[in-house]
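Me: I want to learn how to read strands, helices and contacts in a model like this one. Can we take the features in turn?

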Amino acid sequence: MSALATERSIAIQAVLQASKVCQSVFQHLVANETLTKGDKSPVTVADFSAQAIINTYLHKAFPQDPIVGEEDSKDLRGDTGKVLREKVHSLTNGVLADSEKLSEEEILQAIDRGNYAGGSKGRHWALDPIDGTKGFLRGGQYAVCLALIVDGQVQLGVMGAPNLPVDPAKPDGELGTLFIAVRGQGALQRSFSDPTEKKIEFADINTTEEGTFCESVEAGHSSHGDAAEIAKLLGITRPAVRMDSQAKYCSISRGDGDIYLRLPTSKSYVEKIWDHASGSLLVEEAGGKVTDIYGKPLDFSIGRTLEANKGVIAANTKIFDRVLDAVQKVLKL
């Protein structure tokens, strides 16, 4: 049995069920199911349901493992949270088997299991129940992202991208792709409907001129102006592929694009570990490289954030050094 086989299997099951609840919510989404967090990013019942489902699977299989999750249940409690709470309850149980169904209180407890502070010792999971909530709300790209971090290093990543085509050559074909990476075991993808896994890797290019950028839709997430300057320096003329969420890591890992930049938009912004843990491992296992804008590896050992890093560069290993050089020139580092 290969390393982390049980963790891999549970993570796939959990992410698949959470992705299905997200698809179900989108079909029935109505205005009062969205609330706004203090940072103005929309949160839907899907975030809460996905976190409850994944945390329940993890707790059942690995009761000792703490979880670093994005959401907590405070907006679902009391009279003010009643409508949302009931919807989350019904949606969560809608994808769980009869033997797995949860009470409202069990769902709230499951969501709040994601309050671990992270760190450099032992095992913990990092979860973003919906990465790219705005993409989700507009019917674009989003991802359910789960990673296992052991002694500060990401060892397993599973991501569900419900709106990403299984075959990039058939954008109107089947949607719903699962991406799986275990350190040292390569990168794989499968569809939501068929468990057959297929190895993926970066596109076979040798120069940056052949490359394509994969960028955020939201300009607030990365500086598009700087990216255009970098593209010019690298001789990239193809239009950028724009999508929300860690689906960008998935896309470049299978050759839909070649370079993903997340350039700092402010001096104070710090990346969260759940936004990059599973995606960065997938890129490495598919033959790519990931660092911050200074060329330093991403440090997942500090806590809930990547506070030792600034920005993110992910690219095909063959062209990575040229990309890093161009980024540093444009940003005057």
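Me: In what sense do strand 4 and strand 5 pair, and over how many bridges?

Reply: Two strands pair if DSSP finds at least two bridges between them. Here strand 4 and strand 5 pair in the antiparallel sense, over seven bridges. Arg123 stands opposite Val150 in strand 5. Helices (H or I, at least four residues) and strands (E, at least two) are DSSP runs, numbered from the N terminus. This is a predicted model: local features need pLDDT of at least 70, side-chain atom pairs count only at pLDDT 80 or more, and totals for chains, interfaces and linings use all residues. Residues are numbered from 1 along each chain as its sequence is written, and side-chain values use heavy atoms, with hydrogens and water left out.

Me: What happens between strand 5 and strand 6?

Reply: They pair in the antiparallel sense, over seven bridges. Ile149 stands opposite Val154 in strand 6. The hairpin of strand 5 and strand 6 has two residues between the strands, and Asp151 takes a positive phi near 50 degrees there.

Me: Why is strand 5 described as largely enclosed?

Reply: Start with the cut-offs: buried means under 20% relative accessible area, exposed over 50%, partly exposed in between (1.4 Å probe, protein chains only). Seven of the eight residues of strand 5 are buried, so the rest of the structure largely encloses this strand.

Me: How do I read two packed helices?

Reply: Two packed helices are described by the angle between their axes and the distance between the axes. The axes of helix 3 and helix 4 come within 10 Å and cross at roughly 90 degrees. That makes helix 3 roughly perpendicular to helix 4 (angles under 35 degrees count as roughly parallel, over 145 as roughly antiparallel, 65 to 115 as roughly perpendicular and the rest as oblique). Helix 3 contributes Arg85, Glu86, Val88, His89 and Thr92 to the contact; helix 4 contributes Glu104, Ile107 and Leu108.

Me: Is Arg85 buried or exposed?

Reply: Arg85 counts as buried, at 15% relative accessibility. It sits in helix 3 (residues 82-95). A polar contact is a pair of N or O atoms within 3.5 Å; within protein, one must be able to donate a hydrogen and the other to accept it, and residues adjacent in sequence count only if both atoms are side-chain atoms. The Arg85 side chain makes one with the side chain of Glu104 (2.9 Å). It also reaches the backbone oxygen of Gly78 at 2.9 Å.

Me: Where does Glu106 lie?

Reply: Glu106 is in helix 4 (residues 104-111). At 38% relative accessibility, Glu106 counts as partly exposed. Its side chain reaches the backbone nitrogen of Ser103 at 2.8 Å.

How values were computed:
Axes fitted to C-alpha atoms, helices over the stretch in contact; angles between N-to-C directions. Contact = heavy atoms within 4.5 Å.
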